[in-house]
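Look at the chain below and follow its strands, its core and one of its helices in turn.

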Amino acid sequence: MRLRKSSTRRAEIDPAVNPNRTMDLFALTPDGYVIAQDIACQNEYVAQQQCEDCGGSLAVIAQINRSFQGLTESVCFCQGCGKKHSVIFDISNDVYQAWWAERMGDLYVRTFDGPGRVADPEQRFFR
Ligand SMILES: [Zn+2]
């Protein structure tokens, strides 16, 4: 058995984790989307959710690319009762886009029009 590495250490070695995550991670945008700041956090968020009907944990079965809207959607099923859930993440925010641009280098393309969404400070996940 091995001890799990701390999240700080993980950010240093896991290319799916943004080492520059901020307090706005998982905050809601004014239009109700969940702020994502990298790829890994999307599965982390789903893993922390429970089905409101039965309390079961959720499993992601599909990720829908809505990058033309600055969004990505995780479709999940409850492992307790089978109810379908959907979580829509904002990836238009500056933290995600800066991380993605750094990861993609010359391949980076901004896929949506207008400015990135910002977190609603009244709807932060972390306090
Ligand atoms: Zn359920």
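The paragraphs below go through the sheet, a loop cysteine, the nonpolar core and a helix.

The model is predicted: local features need pLDDT of at least 70, side-chain atom pairs count only at pLDDT 80 or more, and totals for chains, interfaces and linings use all residues. Residues are numbered from 1 along each chain as its sequence is written.

Helices (H or I, at least four residues) and strands (E, at least two) are DSSP runs, numbered from the N terminus. Strands β2 (residues 58-66) and β3 (residues 71-78) run antiparallel and are joined by eight bridges; two strands count as paired if DSSP finds at least two bridges between them. Asn65 has Thr72 in β3 as its bridge partner. Four residues lie between the strands in the hairpin of β2 and β3, where Gly70 takes a positive phi near 70°. On to the next strand: β3 is joined by seven bridges to β4 (residues 84-90), and these two also run antiparallel. Here Cys76 has His85 in β4 as its bridge partner. The hairpin of β3 and β4 has five residues between the strands, and Gly82 takes a positive phi near 85° there.

Cys51 lies in the loop between α2 (40-47) and β2. Is Cys51 buried, partly exposed or exposed? Cys51 is partly exposed because 18 other C-beta atoms lie within 10 Å; the cut-offs are 20 or more for buried, 12 or fewer for exposed and partly exposed in between, with C-beta atoms placed from the backbone. Apart from neighbours within four places in sequence, Cys51 is in contact (C-beta atoms, placed from the backbone, within 7 Å) with Gly56, Leu58, Cys78, Gly80, Cys81 and Lys83. The C-alpha atoms of Cys51 and Ala101 are separated by 34 Å, the two residues being 50 apart along the chain.

A nonpolar core is a set of buried Ala, Val, Leu, Ile, Met, Phe, Trp, Tyr and Cys residues joined through C-beta atoms within 7 Å. The largest one has 15 residues, and those with the most contacts inside it include Phe26, Ile35, Phe89 and Tyr96. Two or more residues each come from β1 (34-35) and α3 (94-104), and α3 gives the largest share, three residues. Ile35 touches Asp24, Leu25, Phe26, Ala27, Thr29, Asp90, Asn93 and Ala119, not counting residues up to four places away in sequence.

In α3, Val95, Tyr96 and Trp99 are buried. Seen down the axis of α3, its buried residues fall within an arc of 95°, so they line one face of the helix; the arc is that of the directions from the helix axis to the C-beta atoms. Just after α3, Gly105 takes a positive phi of about 60°.

Definitions and conventions. Contact = placed C-beta atoms within 7 Å.
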